[in-house]
Amino acid sequence: MIILGLVLLAGCIPKPDRPAPSPQPGPQAEALKPDKVLRQCHADLARAAVAFKPLPDRTFDGGCSAIGAVQLLDIGTPVTNLGAMTCPLAANFARWVQEAVQPAAQRHLGARVVKIESMGTYACRPVNGQAGNKLSEHGRANAVDIGGFVLEDGRRITVKSGWNGEDRRVRDFLRAAHGAGCGQFPIGLGPDANALHHDHFHFDMGRGPYCR
């Protein structure tokens, strides 16, 4: 009986050479992995028929970086001066052009946009370019500035001259594009924000919502 009891007791003692299995991340933890988010963003761009090139992660002096960035090659409408953009910014930008800018141009101006004039994406600088301010979202490749639009009939619409210009149709188009951008991006700024934005729209993926 003593021997039988010892055998039963030994079966209850965990063996030291059999370590406990490591806890597996649940679905929520898996969903938050940056690489999975980036792969999903790439898939979303491809599904929207957007041609792009993934860029290597880069860090720079001053806390600036371009992490998880892409280069947009073709979103259906040519765009000048686009540099590195974080994938979420690129996806929102392409959607804004396809689903907001083009319909607004047709509705208010009776013509398609054949070129969008960007004033850039990545730039390692503080907010508004003023020393002492916190790092701009441009310094994270997380912002884009838009200055103008060229229509298929040759007209060139600029934020600088059109926002408060004499042509009501141009004003309506620019406000529709700006308003749609505020719905697409967490942050949207235009000429009514401050004098520094008198000639362009600024959209970024920072903490929002804020629209002006």
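**Stop 1: a pocket lining**

The lining of the second largest pocket holds five nonpolar, two polar and two charged residues. Here Ala, Val, Leu, Ile, Met, Phe, Trp, Tyr, Cys and Pro count as nonpolar, Asp, Glu, Lys and Arg as charged, and the others, Gly among them, as polar.

Before going on, note that the model is predicted: local features need pLDDT of at least 70, side-chain atom pairs count only at pLDDT 80 or more, and totals for chains, interfaces and linings use all residues. Residues are numbered from 1 along each chain as its sequence is written, and side-chain values use heavy atoms, with hydrogens and water left out.

Now select Pro34, Asp35, Val37, Leu38, Asp57, Ile67, Gly68, Thr86 and Pro88, which line this pocket. A pocket, on a 1 Å grid over the protein atoms alone, is an open set of points where a 1.4 Å probe fits, with protein on both sides within 12 Å along at least five of seven lines; lining residues have an atom within 4 Å of a point. The volume is about 180 Å³, taken as the space filled by probe spheres set on the points, which are joined across faces, edges and corners. Helix α3 gives the largest share of the lining, four residues. Helices (H or I, at least four residues) and strands (E, at least two) are DSSP runs, numbered from the N terminus.

**Stop 2: α3 beside α4**

Select residues 34-47 for α3 and 87-109 for α4. Their axes come within 9 Å and cross at roughly 20°. Axes are lines fitted to C-alpha atoms, for helices over the stretch in contact, and angles run from 0 to 180 degrees between N-to-C directions. The two helices, α3 and α4, are therefore roughly parallel (an angle under 35 degrees). Show Leu38, Cys41, His42 and Leu45 of α3, then Cys87, Pro88, Ala90 and Ala91 of α4: these make the contact (heavy atoms within 4.5 Å). Seven of these residues are nonpolar, one is polar and none is charged.

**Stop 3: α4 against α6**

On α4, pick contact residues including Trp96, Val101 and Leu109; on α6, pick Val170, Phe173 and Ala177 among them. By class, this contact has eleven nonpolar, four polar and four charged residues.

**Stop 4: the largest pocket**

The volume is about 470 Å³. The lining has seven nonpolar, nine polar and seven charged residues.

**Stop 5: two backbone details**

Most residues other than glycine have a negative phi, and most peptide bonds are trans. Go to Gly208 and Pro209: a cis peptide bond joins them, with omega about 0°. Pro209 sits in the loop between β11 and β12 (210-211). Last, select Ala49, whose phi is positive, near 60°. Ala49 lies in the loop between α3 and β1 (51-54).

Definitions and conventions. Angles under 35 degrees count as roughly parallel, over 145 as roughly antiparallel, 65 to 115 as roughly perpendicular and the rest as oblique.
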